[in-house]
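The stops below are meant to be selected in order.

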Amino acid sequence: METDERCSGPQYDKATPNKILDNTELITDPKKIANIFYSHFSQIANTVIKESAHHQPNFDALRNFVDTPLCKDHQFKIPPMTSEYLLNEINNLLCHKAKGIDAINVHLLKIDCNDLLPSLLYLYNSSITSGIFPDQWKISKITPIFKKGSRTPSQR
């Protein structure tokens, strides 16, 4: 199997924490670390949801925009994707980014690009033409990444 030089090297190594301080306890078990991150980020989501329930956003400008009729000859069209465009987009994907919900490895996609290109092109253009999109295209995968500050989850 070939390797792609663009997808290897120290800049692509993942910086996953192998230990975390929870209050005064040093945690090194990967499952416990994952559970701490899960707990922390799920609490943040609940807090944001509760706080946003108290605020009523003003959607007047959006309603006015949506309610404004377009002229009769206005058409919204998405042109079919060309194989050149799709090939360029695949080649510009970053190998060190996490897999999406579809679990497709970017490195493998780049290696097997020429064989997959016709099928991917057909799938995309058929979805645009029919207006029907795979459910997985409507889901996002969010992974928390430690950037700076204390690795201890905040106690909110």
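This is a predicted model: local features need pLDDT of at least 70, side-chain atom pairs count only at pLDDT 80 or more; totals for chains, interfaces and linings use all residues.

Stop 1: Select residues 113–130, which form helix 5. These 18 residues reach 25 Å from the first C-alpha to the last, close to the 26 Å expected at 1.5 Å a residue. Now centre on S119, where helix 5 bends by about 25°. Then step past the end of the helix to G131, which follows helix 5 and has a positive phi, near 80°.

**Stop 2: the buried residues.** Show the side chains of C113, L117, L121, N125 and S127, which are buried in helix 5. Residues three or four places apart on an α-helix point the same way, because there are 3.6 residues a turn.

**Stop 3: the crossing.** Keep helix 3 and helix 5 on display. How do their axes cross, and within what distance do they come? The axes of helix 3 and helix 5 come within 10 Å and cross at roughly 125°, and the two helices are therefore oblique to each other. Their crossing is right-handed. For the contact, select S83, L86, L87 and I90 on helix 3, and C113, N114, L117, L120 and L121 on helix 5.

**Stop 4: N125.** Return to helix 5 and pick N125. N125 counts as buried because its relative accessibility is 18%, under the 20% cut-off. Leaving aside residues up to four places away in sequence, N125 touches P80 and M81.

Note on methods. Residues are numbered from 1 along each chain as its sequence is written. Side-chain values use heavy atoms; hydrogens and water are left out. Helices (H or I, at least four residues) and strands (E, at least two) are DSSP runs, numbered from the N terminus. The expected span of a helix is 1.5 Å times one less than its number of residues. The bend at a residue is the angle between axes fitted to the seven residues ending there and the seven starting there. Buried means under 20% relative accessible area, exposed over 50%, partly exposed in between (1.4 Å probe, protein chains only). Axes are lines fitted to C-alpha atoms, for helices over the stretch in contact, and angles run from 0 to 180 degrees between N-to-C directions. Angles under 35 degrees count as roughly parallel, over 145 as roughly antiparallel, 65 to 115 as roughly perpendicular and the rest as oblique. A crossing is left-handed if the near helix is turned anticlockwise from the far one by less than a right angle, and right-handed if clockwise. Contact means heavy atoms within 4.5 Å.
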